Each structure stands twice: as structure tokens, then as C-alpha cells.
Amino acid sequence: MYKVPDLPYGYDQLGKYISGDIMRLHHDKHHQAYVDKLNAALDNAPALKDRPLESLLVDLSQLPEAVQLAVRNHGGGHYNHSLFWQWMSPDGGGEPRGELAQAIIARYGSFQAFVDEFTTKSLAVFGSGWAWLQPNLDIITTPNQDTPIMQGLNAPLLGLDVWEHAYYLDYKNKRDDYVKSWWNVVNWDFVEGRYKA
Ligand code: MN
């Protein structure tokens, strides 16, 4: 059985940028629903329950057809959100340091130019989806709960949830204000750790 991981900080600790109301709804209701629906779907394919989630997501076509869509949507949702909580921190914001900072500057010219491009791409996601920074420093987007490892790509360094459920309570329809705020909570230590790995 898959489980929703605890938040690595308090619900209200990102409050200046993302309210406790959003965090409670997003973590306790939306993420929980992905996990519940994933577990329910796998009742029909019990052999898959012992497999690491990544091994299901990297090749959906190998799964029984009856569970492929559920694993894609709810397994993707569980995978993406489990990372998303760690990509934010009450001590976040600022800029990366060290090798990752150098690599970003070499690729984009400056940290701000990287932020601008990531922001532009995240705002261009039509409907629900995610924006990602990949280990090769490409910035890509996916629709719905699709995740880069479903496409044969490496696991992302950083990801941003741009579903309306991630921001609507605080920001209404203003996704741009949400994204602008989100940079203040990005956990660059965690991103750097993934880059080094
Ligand atoms: Mn979400």
C-alpha cells in the first residue's frame, strides 16, 4: 500500500507565500486522493503492489492495460507530490550555490534568466500540469500528472505544480502571482542534492 508522506514542515510554515489552508487541502485531500485511487487500482493487479513506484512509471506499457491509466494519473500524482513537498521549505528561496549555480549560469546566462524562462514555461502550461528542471538543465512541462520518467527522461531536479488546486485559494486565477511567490520557498539544498546525485 502506498502512503502519503508527512510534510517535512508544518502546514502553516510556508504561510507568507502558500497558506496553511492550501497546504492542508493539497497534501491531506488532493495527494491523499491520488494515493487512495492508486491503491484501489492496484487491487486489480496485486503483484504490482510490491514494486517501487518508479518502476511502474518508467514503462507504463508493460503494465496490465486495465491499470495503465490509473497508474499514470494517480501514480504520477503520488510521485510528483511526494517530491513537491520536499522542493519547498520555510528556509527556502534565494539562489542555488556551488556546481548547480555555475551550471545554471553557464546554460542560461544568469540565475534570473533561468527563473524567467522557467516562469514563462510554467505560465504557458494550458490547464493542469507541471514545469520541470531536468538534470541536463532543460526546462520542460508535462500535462496532468505526467512526470518526466514516464517519457524515458531522468528524474527531475525541481518541479512546480501549476494545477489550480495548488494556488486557487490564495491567488485565485493569478498563476503568475503564485509562481512569483513560489520562488521564495524553493528548497535549493534539496535540488542541489539531486543534481550532485
Ligand atoms: Mn497538486
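**A manganese site and a buried aspartate**

D146 sits in the loop that runs between strand β2 (139-143) and strand β3; helices (H or I, at least four residues) and strands (E, at least two) are DSSP runs numbered from the N terminus. The model is a predicted one, in which local features need pLDDT of at least 70, side-chain atom pairs count only at pLDDT 80 or more, and totals for chains, interfaces and linings use all residues. Residues are numbered from 1 along each chain as its sequence is written, and side-chain values use heavy atoms, with hydrogens and water left out.

With a relative accessible area of 8%, D146 is buried (under 20% relative accessible area; exposed is over 50% and partly exposed in between, with a 1.4 Å probe and protein chains only). Neighbours within four places in sequence aside, D146 is in contact with R72, N80 and W132, contact meaning heavy atoms within 4.5 Å. R72 is 74 residues away from D146 along the chain, yet their C-alpha atoms are 6.6 Å apart. The two side chains are joined by a polar contact of 2.8 Å (a pair of N or O atoms within 3.5 Å; within protein, one must be able to donate a hydrogen and the other to accept it, and residues adjacent in sequence count only if both atoms are side-chain atoms).

As for the metal, H26 (NE2), H81 (NE2), D161 (OD) and H165 (NE2) coordinate the manganese ion at 1.9 to 2.1 Å. Donors are N, O and S atoms within 2.8 Å of the metal (3.2 Å for Na, K and Ca), and water is not among the atoms, so sites may look incomplete. Along the sequence, the donor residues follow the spacing H-x54-H-x79-D-x3-H. H26 belongs to helix α1 (residues 20-42) and D161 to strand β3 (residues 158-161), so this pair ties together parts 135 residues apart in sequence. H26 counts as buried at 1% relative accessibility, and D161 does at 0%.
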